[in-house]
Amino acid sequence: MKRRVRQAISAMVAPFGYLLLPEENVAQPSASALRVRLFRQIAAKGLRPKHIIDVGAHRGAWSRDAAGVFPDVAITLIEPQEEMTEHLERFCAEHPNATWIRAGAGDAKTELPLTLAGRLDGRTLTISEDDAQARGLEQRTVSVVTLDDVVAESGHPEPEIVKIDAEGMDLQVIQGAKSLLGKTELFFLELPLFDQPGQSWHSIIAFMREQGYEPFDITDLNRRKSDDALGLIEMAFAKKAGLLRDHHGW
């Protein structure tokens, strides 16, 4: 009955240009829906990226959405987990312009311990070996690259879009991308609502503003399991004097 009522209302409002969304989409759209909407929006504004970098690519879902809107773009995926091999090799096979670098990213070329505790999408490079040993956590040493080096060695132009999901190291990653600041149009960063060691909501926004970037959109919301409080936001930062922030008013 409820479904028939919704269908009837949808048919009534459709001629006026309105769309009745499913209840779950009204409550909280999926991360994929939010970022695809943004990709389409920036495409309509005239941004046609030639190169995208995806730090913390995981299984490639973020890049898959980007490639769906920008099918000819070159994508560099950076992900240190060998458990993602099947997913990222499949993505690269499907997208000949895609390259996977099996490494983490930071502010210097080095090696760091990757802590293997918890979910595959929550593993971090921020826990020291001593701390991990004290807590009985398993670690694996992985290579760490800088985005400056990645771009210099890639053979691709400087990326118009960079997404960083570095599990507490977002500021360090962006500090290893000095050649991109002021050139890349759009950075996607994770902002914690509960301070993390070395970074916070305020420190990330302040740093990006110092570099000439302003918040542009929100493309993911993550809630804590313990109390359902909003814990992390993926925010898109656009170049203040760039293509996307045209300040034409409402």
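User: Is the crossing of α3 and α4 right-handed or left-handed?

Analyst: In this predicted model, α3 and α4 cross in the right-handed sense. Helix α3 covers residues 31-44 and helix α4 covers residues 61-69. The angle between them is about 35 degrees, and their axes lie 9 Å apart.

On the α3 side, the contact is made by S32, R35, V36, F39, R40 and A43. Helix α4 contributes A61, W62, D65, A66 and V69. Sorted by class, the contact of α3 with α4 has 7 nonpolar residues, 3 charged residues and 1 polar residue.

The rest of the chain gives the setting. The protein chain has 9 helices and 10 strands. Of its 250 residues, 43% are buried. Among contacts between residues at least 6 apart in sequence, 65% join residues at least 24 apart.

The largest nonpolar core has 30 residues, and L147, M208 and F237 have the most contacts inside it. Two or more residues each come from β1 (51-55), α7 (147-154), β7 (161-164), α8 (170-175), β8 (186-192), α9 (201-210) and β10 (230-239). The largest share, 4 residues, is given by α9.

Neighbours within four places in sequence left aside, F237 is in contact with E185, L186, F187, L189 and L191, among others. The contacts of F237 also include I204, I205 and M208, as well as Y213, E214, P215 and F216. Another core, of 27 residues, lies apart from the largest one; A57, W100, I161 and L186 are among its residues.

Strand β2 (residues 74-78) pairs with β3 in the parallel sense, over 4 bridges. Within β3, W100 has L77 standing opposite.

There is also an open sheet of 3 strands, in the order β4-β6-β5 and with mixed pairing. Its edge strands are β4 (104-105) and β5 (110-115), each of which pairs on one side only. Strand β6 (residues 139-145) runs parallel to β4, and 2 bridges join them. Opposite A105 stands V145 of β6.

Conventions:
Residues numbered from 1 in each chain as written. Predicted model: local features only at pLDDT ≥ 70, side-chain atom pairs only at ≥ 80, totals over all residues. Heavy atoms only, no water. Axes fitted to C-alpha atoms, helices over the stretch in contact; angles between N-to-C directions. Left-handed = near helix turned anticlockwise from the far one by under 90°. Contact = heavy atoms within 4.5 Å. Nonpolar A, V, L, I, M, F, W, Y, C, P; charged D, E, K, R; others polar. Core = buried A, V, L, I, M, F, W, Y, C linked by side-chain atoms within 4.5 Å. Buried < 20%, exposed > 50% of the residue type's maximum accessible area, 1.4 Å probe, protein only. Pairing = 2+ DSSP bridges.
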